[in-house]
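Subject: Structure handover

Hello,

Here is the structure I promised to pass on. Please open it first, then read the notes below.

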Amino acid sequence: MSVQGKNVFITGSTRGIGQAIAKNFAKNGANVAVNGRKEISTAFLSELTDFGVKAVGIVGDIADFTQAEAMILEAEEKLGPLDILVNNAGITNDKLMLRMSEEDFEKVLKVNLTGTFNMTQNVLKKMLKRRSGAIINISSVVGLIGNVGQANYAASKAGVIGFTKSVAREVAPRNITVNAIAPGFIQTEMTDSLAGAAKEVMLQQIPLKRFGEVDDVAKVAMFLAEANYLTGQVINVDGGLVMNG
Ligand code: NAI
């Protein structure tokens, strides 16, 4: 399906990858619901409406089921039925395993994995009735290969992959696709905090010898929204870092 005139909800889209995804959908004629935990800037919303589409800011925390339900309702009231959901919002809280508290572990799971469940279940109720829709979950290559200091994050992102494949099987008979993107190292505020030496080591492991940009992920999200004979897949956007057999 073309995204022209479709309604898209992108979680965590006030900056980084989510913001690029929102802009790319708007540029291609989709109406967008952008989300963050705090007020959404009017400058960003008007940047989106300049593409001639509708754009609404929906404030709320995906980790809270009641807020997730209210956010989907609010977006549907303002835009109409949602055709596409991009579960992008995510957090890290890196610590070596022995220093990681139960709270450090659970907090990351709660946003990255439970948040994906919360938003997906609430959007699916309506998509199932309409027998159409696309859900795109942002995982990470860390969910495939692990990473030192990221047991919580890797577990959440591996969980997103299992979740994607299970839900894809459940809803395929109703013409709804569910796919995941596993980005590698993408330059955003989330990765800005990494030390220079750690970045250099990572760069050496990337066959394309460069870090990814937010638009690299946004383009694949668009492709997955339009590819209606593709479901239950994980697309690595990582410069060749992980090559699956
Ligand atoms: P970011 O930290 O720049 O942006 C994350 C966005 O999610 C922010 O707008 C933040 O406000 C929002 N957010 C966080 N918790 C939320 C909550 N509970 N409810 C609603 N919104 C919430 O991160 P970035 O780099 O743009 O990452 C986006 C996604 O891509 C995340 O899921 C991340 O795990 C994933 N990813 C990023 C990679 C990278 O290299 N930057 C690599 C692999 C995956």
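The protein has nine helices and seven strands. Both are DSSP runs, numbered from the N terminus: helices are H or I with at least four residues, strands are E with at least two. The radius of gyration is 17 Å, close to the 18 Å that the globule rule gives for 245 residues, so the protein is as compact as a globular protein of that length. That radius is taken over C-alpha atoms, and the globule rule is 2.2 Å times the number of residues to the power 0.38.

A word on the source. This is a predicted model, where local features need pLDDT of at least 70 and side-chain atom pairs count only at pLDDT 80 or more, while totals for chains, interfaces and linings use all residues. Residues are numbered from 1 along each chain as its sequence is written, and side-chain values use heavy atoms, with hydrogens and water left out.

Overall picture

The C-alpha trace spans about 45 × 35 × 35 Å along its principal axes. Of the 245 residues, 49% are buried. Buried means under 20% relative accessible area, exposed means over 50%, and partly exposed lies in between (1.4 Å probe, protein chains only). Contacts here are heavy atoms within 4.5 Å. Among contacts with a separation of 6 or more, 70% join residues 24 or more positions apart.

The protein exposes about 11800 Å², and carbon and sulfur atoms supply 53% of that area. The areas come from the Shrake-Rupley method with a 1.4 Å probe; for residues, only the protein chains shown count as cover.

There are 25 positive and 24 negative side chains. Lys and Arg count as positive, Asp and Glu as negative; His and the chain ends are not counted. The centres of the two sets lie 5 Å apart. Each charge is placed at NZ of Lys, CZ of Arg, CG of Asp or CD of Glu.

Thr 11

Look at the loop between strand E1 (7-10) and helix H1 (16-27): Thr 11 lies there. Thr 11 is buried, at 1% relative accessibility. A polar atom of its side chain lies 2.9 Å from the backbone nitrogen of Ala 89. Leaving aside neighbours within four places in sequence, Thr 11 contacts several residues, including Asn 35, Ile 62, Asn 87, Ala 89 and Met 119.

Val 111 and Ala 63

Val 111 lies in helix H4. Ala 63 sits in the loop between strand E3 (55-59) and helix H3 (65-79). Val 111 is buried at 15% relative accessible area. Ala 63 is buried at 11%. Beyond four places in sequence, Ala 63 touches Lys 110, Val 111, Gly 115 and Asn 118.

Two distances are worth a look. Ala 63 and Val 108 are 45 residues apart in sequence and 9.6 Å apart, C-alpha to C-alpha.

Positive phi

Which phi does Arg 131 have? The value is positive, about 55°, although Arg 131 is not a glycine. Arg 131 is in the loop between helix H4 (102-130) and strand E5 (133-138), and is partly exposed at 47% relative accessible area. Lys 209 also has a positive phi, near 55°, and is not a glycine. Lys 209 is in the loop between helix H8 (196-205) and helix H9 (214-226), partly exposed at 46%.

Best wishes

Note on methods: Polar contact = N/O pair within 3.5 Å; in protein donor to acceptor, adjacent residues only side chain to side chain.
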